[in-house]
Each structure stands twice: as C-alpha cells, then as structure tokens.
Amino acid sequence: TTGTGAGSPASPVIAPEYEVVTVAVSAGAFRDSAECTPGSIVVGHHPVGDVDKEIESIRISADTLKVKLTGKGKQINTFNVILLKPVPEHELEVATEETVTVATGEATNATQGTE
C-alpha cells in the first residue's frame, strides 16, 4: 500500500494482471474456444498473421473463452484475446491506518503512542 500525499488517506496499489489467450479457428469453422482464468474481462483482441474473417463476438463462460467469427473462414484464423484477470480477494482488503503509517513513515496512529 502507499499514501496519496502528505496527510491524505492511503489507497491500496493493485497492479492489474493481464492474460493473453490465443484462439485458432479452423478453416471451415466459425467458432472455437480456449481455456482462460475464470472471472476475466475482455479488454481487446488482435489477429495473429493473416485472417479472412473478423471476430463477431467474444464471450467468457466459467473458464472458457469463446470466439465467434463473422462467417466460416477459408483458412485458419488465429487471434490473441487480451484479458484483465480478476484481482484476488485478499488484495482488495482496505488499507488500515497502521499500514499508512508504515508506508509513509508518519507517526499518525495510536500504535505510535502519544505523551
């Protein structure tokens, strides 16, 4: 955790984690799937090499990423799908005043003692 400035409350620093999932849709097919982290959110996609069809939809169901193309391709159509992985629950805990003190070096809480 870290403070946001002198005298301001701290906010937890959570670095987002991304996952790139590659989906290769076979020639003659218009959909395929791949395994992904449950709870992920799609933030983008891009083709890998030449493709002859575009993505119509991307869905996540449990731990499966499903890609549907605009039609059946004449070749293998491969895409990288970029996912934002969910933040583990233990990282969402609210920073305590004591944590702020340790992070900023300021003696602002009762554990420091006052006289």
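Me: How many helices and strands are there in the protein chain?
Reply: The protein chain has one helix and eight strands. Helices here are DSSP runs of H or I with at least four residues, and strands are E runs of at least two, numbered from the N terminus. Starting from that terminus, the order is β-β-β-β-β-β-β-β-α. Before we go on, please note that this is a predicted model: local features need pLDDT of at least 70, side-chain atom pairs count only at pLDDT 80 or more, and totals for chains, interfaces and linings use all residues. Residues are numbered from 1 along each chain as its sequence is written, and side-chain values use heavy atoms, with hydrogens and water left out.

Me: Why is threonine 78 called buried?
Reply: Buried means under 20% relative accessible area, exposed means over 50%, and partly exposed is in between (1.4 Å probe, protein chains only). Threonine 78 has 16% relative accessibility, so the residue counts as buried. You will find threonine 78 in strand β8. Setting aside neighbours within four places in sequence, threonine 78 is in contact (heavy atoms within 4.5 Å) with Thr22, Val23, Ala24, Pro47, Val48 and Val51. For the protein chain as a whole, buried residues make up 22% of the 115 residues.

Me: And what makes alanine 62 exposed?
Reply: Alanine 62 has 59% relative accessibility, so this residue counts as exposed. Alanine 62 is placed in the loop between β6 (55-61) and β7 (64-69). There is something else to look at here: the phi of alanine 62 is near 55°, a positive value in a residue other than glycine. Most residues other than glycine have a negative phi.

Me: How do you know that lysine 85 and glutamate 17 meet in a salt bridge?
Reply: The rule asks for a side-chain nitrogen of Lys or Arg within 4 Å of a carboxyl oxygen of Asp or Glu. For lysine 85 and glutamate 17 the N to O distance is 4.0 Å, and the pair is counted as a salt bridge. Lysine 85 lies in the loop between β8 (77-84) and α1 (97-104), and glutamate 17 in the loop between β2 (10-11) and β3 (18-25), so the pair ties together parts that are 68 residues apart in sequence. Lysine 85 counts as partly exposed at 27% relative accessibility, and glutamate 17 is partly exposed too, at 44%.

Me: How many salt bridges does this rule give?
Reply: The count comes to two. Side chains of lysine 68 and glutamate 56 also meet in a salt bridge, at 3.5 Å from N to O. Lysine 68 is in strand β7 and glutamate 56 in strand β6, so this pair ties together parts that are 12 residues apart in sequence. With 28% relative accessibility, lysine 68 counts as partly exposed; glutamate 56, at 48%, is partly exposed as well.

Me: What makes a set of residues a nonpolar core, and which residues form the largest one?
Reply: The members must be buried Ala, Val, Leu, Ile, Met, Phe, Trp, Tyr or Cys residues, joined through side-chain atoms within 4.5 Å. The largest such core has 12 residues: Val21, Val23, Val25, Ala34, Cys36, Ile55, Leu65, Val67, Leu69, Phe79, Val81 and Leu83. At least two residues of this core come from each of β3, β7 and β8. Isoleucine 55, leaving aside neighbours within four places in sequence, is in contact with His45, Val67, Lys68, Leu69, Thr70 and Phe79.

Me: Why is serine 26 called partly exposed?
Reply: The relative accessible area of serine 26 is 41%, so the residue is partly exposed. Serine 26 sits in the loop between β3 and β4 (31-35). Not counting residues up to four places away in sequence, serine 26 touches Asp32, Gln75 and Ile76.
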